[in-house]
Each structure stands twice: as C-alpha cells, then as structure tokens.
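Open the model in your viewer and switch to a cartoon view. The stops below are given in the order in which to select them.

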Amino acid sequence: MKKAIIILMIFIFGSKVEAQELYVFTEPASNIPANLLSARLMSSFYKEKFESGTNIHFMPEVRYGISSKLMVQAQAYISNRETGYVSEGGGIYAQYKFLNNDEVKKHFRMAAYGRMSYNNSDIHQEEIETVGHNSGFEGGIIATQLLHKVALSSSLSFEQAMNNSSYEFPDEWSSSAMNYTFSVGKLMLPKKYTSYDQTNFNLMLEFLGQRLNENGKSYLDIAPSVQFIIKSRARIDLGYRHELYSEMLRTAPNGFVVRFEYNFYNVL
C-alpha cells in the first residue's frame, strides 16, 4: 500500500500537464456552471470490519448550477445494511463561491457549503457521516488553489449528528465533529488539447480526517483515485479509501467507490 501511494504521488507532482479540480471524495471550491444539470450515481463497497460481508450503498444524486456562485444538489441513500436493499433517507446540499481570484494559468477560490440529511437506519459507529449514515447537518468552507500544473484543495467543516428516526444517538458517543480534508489532482491525458471530444484521464490523492468534539477521538484516511471525463459530458470515478489510523469505532472504513455522472448544459 505504501509503495503504491509513493508511486501515485510521483505521477501527480512530477507530470508536466494541466491540473484538474474534480475530486472523487470531496468537492472543490469551483462550482458547476450556471444552468448545468448533473445526474450522478455513486456506489460504495466497504468491507465490514467486525463481521463478514460488504456494506454497499447506492446514492443517486442531481445537481444544478443556479448561478456561477451558487449550486444545489439532492441525494438519496440506499443500502443493504438491513435485509435486502432499502431506502434509508436523503440529503440536500448547497455551495456558495464567495471568492474568485483568477490569473493566467492559476486561480484561487473559496466557497462555503451546507448539508442537511435524514436517515432512518440504525446508528452503528462513532464516526459521524451525514452522507448515508447519520441524520444531521454539516457546514464548512473550501479553498482551492490552481498553480499551473497542480490543483490543491482543502476543507474544514463542523458536523452534527442527530437521532436517526426511531434510533436515538447514543449518549456515550460524541454527537459532533470537525472534519478536515486535503486533495491534490492532476490531468494526465491528453497532454495537448485538440478537441472537447478528447477523453481526460486524471489522477488524484485525498486525505480525509475527523476529530470528535466531545472526546477527542480521531481518524485519518487516504484515498487514491482515477477519473475519466468523456466528451466533456460524462464522468467515471474509481477510488479506494483506506484507513491510516483510527481511535474510534468504525464498522467499515476500507473500500471502493464508483461514480457515474452525466451533465446536461443550458437546461434553463
């Protein structure tokens, strides 16, 4: 695993091509364009840590660019934690880009975001995750820097978990947390643009962490990914998330993510 991470970082930082800002596990501060409608289907396959089987989630999602500064999205949560696949709820998300500093071959952008989620599944881990596991809300800021060849992005957020329908959040666990991420992405191919129909091949590496506010427990994950963008409309993401360390109970920390996306331009 360590050798694969080193090789991936050499590719990302050493290649002389343009950078990308489309990450697999996080959002950049750059919003989708105005009047663009994006349809997504994300599937995650995480190995259960304390029992046999795989924790599978399907998360269909639609996003829309209201303006160049504001985008919104809605997402549904479906998983196999119960008998068969059942709907467990959904969430809404909004992101507002409040800083945009563009220069030749580089820019710096910042955005604020908020998420609200409802979930009716059982509460089975200390990790707080309002995307597919916990009812609650999250709010934070994102900063993304493009430096000619490399795109760097980082975020900091506050996340609050609440009861999941009839399942009460355990009193002995921390119900709030701070999340922090760092992502780097690189466009590997094509080396020279000649047409919008060319397929883009991107590599990225992301670090995802959380610290529980009430007891100080934390974890840190690493997530290498590959990405294909086809004809500037379709997108395929393939990522693997691996736990580097954890002090809290997490039932399925390691696994794969697959996402398909298709964009519809000038919808309104």
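Which residue in β5 does Gly91 stand opposite? Select Gly91 and look across to β5: the residue there is Ser117. Keep in mind throughout that this is a predicted model.

Next, select residues 86-103, which form strand β4, and residues 106-119, which form strand β5. The two strands run antiparallel and are joined by 14 bridges. Strands of a sheet pair through backbone hydrogen bonds, in either a parallel or an antiparallel arrangement.

Now zoom out to the whole barrel. It is closed and has twelve strands, running in order from β1 through to β12 with antiparallel pairing. From one strand to the next, the twist averages 20 degrees.

Go to residues 37-47, strand β1, and pick Ser43 within that strand. Is Ser43 buried or exposed? Its relative accessible area is 8%, so Ser43 counts as buried, the cut-off being under 20%. Show its contacts beyond four places in sequence: His57, Phe58, Phe256, Val257 and Val258.

The last stop is a loop. Select the stretch between β11 (234-246) and β12 (255-264), and find Ala252 in it. Ala252 is buried too, because its relative accessible area is 14%. Leaving out residues up to four places away in sequence, Ala252 touches Tyr46, Lys47, Glu48, Lys49, Asn55 and Gln125. For a distance label, pick the C-alpha atoms of Ala252 and Gln125: they are 9.1 Å apart in space, while the two residues are 127 residues apart in sequence.

Technical notes. Residues numbered from 1 in each chain as written. Predicted model: local features only at pLDDT ≥ 70, side-chain atom pairs only at ≥ 80, totals over all residues. Heavy atoms only, no water. Pairing = 2+ DSSP bridges. Helix = DSSP H or I, 4+ residues; strand = E, 2+ residues; numbered from the N terminus. Axes fitted to C-alpha atoms, helices over the stretch in contact; angles between N-to-C directions. Buried < 20%, exposed > 50% of the residue type's maximum accessible area, 1.4 Å probe, protein only. Contact = heavy atoms within 4.5 Å.
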